[in-house]
Amino acid sequence: MDALFFNPNIYPIQEERKRWNALCGWSERVGLQAMRISVPHEDWVARVSDDPVSPGRCRLCYEMRLDKVARFAGDKGYDCFTTTLLVSPFQDHKGIIQAMNKVSESAAIPYLYQDFRVGYKRGREMARGSHMYMQKYCGCEFSLGRSD
């Protein structure tokens, strides 16, 4: 098992670096390899700009990101893929599942589904206790300044 970072949606670059560094630190502590796929932020903007409002934009974002992750997992011989998006009670849970279904079928790799939202509060407490960086918004410029 490894940790994969693919977040072309994160804006600005300083926020992206904070999140990458947090993943690297956590991965090292728990003995996982942190890997990264990079795509220019502009590519993400072009992909989600077909529907500039949520939830449409968010669903396009989920699909783009999960498709890349699913194909990476399949190419590397993993049994399945999943996402930390399933932790947040602020994300469109049904939209994430729909995207996982779609990309799983097209990439021919199963996904692991678990409703991780039940552990959201405890996870935040543990992160605070570990002095781990915790973001204040989903990551994209559309949500910047909101508290989801």
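Biologist: How many aromatic pairs does the count come to here, and how is such a pair of rings described?

Modeller: In general, a pair of aromatic rings is described by the distance between the centres and the angle between the planes. In this structure, which is a predicted model, the count comes to four aromatic pairs. One of them joins Phe81 and Tyr111, whose ring centres are 6.2 Å apart and whose planes stand at 55°, so the pair is tilted.

Biologist: Where do Phe81 and Tyr111 lie, and what does the pair tie together?

Modeller: Phe81 belongs to the loop between α3 and α4 (93-107), whereas Tyr111 belongs to the loop between α4 and α5, so the pair ties together parts that are 30 residues apart in sequence. As for accessibility, Phe81 is buried at 4%, while Tyr111, at 23%, counts as partly exposed.

Biologist: Which arginines lie over the face of a ring?

Modeller: Arg19 lies over the face of Tyr137, at 5.4 Å from the ring centre, and Arg36 lies over the face of Trp20, at 4.6 Å from the ring centre.

Biologist: Is Arg19 buried or exposed, and which side chain does the side chain of Arg19 contact?

Modeller: Arg19, which has its place in helix α1, has a relative accessible area of 10% and is therefore buried, the cut-off being under 20%. Its side chain makes a polar contact with the side chain of Glu15 at 2.7 Å, and the side chain of Arg19 also reaches the backbone oxygen of Cys138 at 2.8 Å.

Biologist: What unit does helix α1 make with β1 and β2, and how many bridges join the two strands?

Modeller: Helix α1 (residues 13-30), together with β1 and β2, makes a right-handed β-α-β unit. The strands β1 and β2 (residues 33-36) run parallel and are joined by four bridges, and within this pairing Leu4 stands opposite Met35 of β2. Strand β1 (residues 2-5) has a covered face, made up of Ala3 and Phe5, and an uncovered face, made up of Asp2 and Leu4.

Biologist: Turning to charged side chains, how many salt bridges does the count come to?

Modeller: As a general idea, side chains of opposite charge can pair when their charged atoms come close. Here the count comes to eight salt bridges. In one of them Arg71 pairs with Asp67, the closest N and O atoms being 3.0 Å apart.

Biologist: How many residues apart are Arg71 and Asp67 in helix α3?

Modeller: Arg71 and Asp67 are four residues apart in helix α3 (residues 56-75), so about one helical turn separates them. Arg71 is partly exposed, with a relative accessible area of 35%, and Asp67 is also partly exposed, at 23% relative accessibility.

Biologist: Which side chain does Arg122 meet in a salt bridge?

Modeller: The side chain of Arg122 meets that of Glu125 at 3.6 Å, N to O. Both residues lie in helix α5 (residues 120-129), three residues apart, which is about one turn of the helix, and Glu125 counts as partly exposed at 44% relative accessibility. Elsewhere, salt bridges that share partners join Arg47, Glu63 and Lys102 into one network.

Biologist: With which residue does Arg117 form a salt bridge?

Modeller: Arg117 forms a salt bridge with Asp115, and the closest N and O atoms are 2.8 Å apart. Arg117 is partly exposed, with a relative accessible area of 31%, and Asp115 is partly exposed as well, with a relative accessible area of 24%.

Methods: Residues numbered from 1 in each chain as written. Predicted model: local features only at pLDDT ≥ 70, side-chain atom pairs only at ≥ 80, totals over all residues. Heavy atoms only, no water. Salt bridge = Lys/Arg side-chain N within 4 Å of Asp/Glu carboxyl O. Buried < 20%, exposed > 50% of the residue type's maximum accessible area, 1.4 Å probe, protein only. Phe/Tyr/Trp six-rings, centres within 6.5 Å; stacked < 30°, edge-to-face > 60°. Lys NZ or Arg CZ within 6 Å of the ring centre and 35° of its normal. Pairing = 2+ DSSP bridges. Right-handed = clockwise from strand over helix to strand, strands pointing away. Polar contact = N/O pair within 3.5 Å; in protein donor to acceptor, adjacent residues only side chain to side chain.
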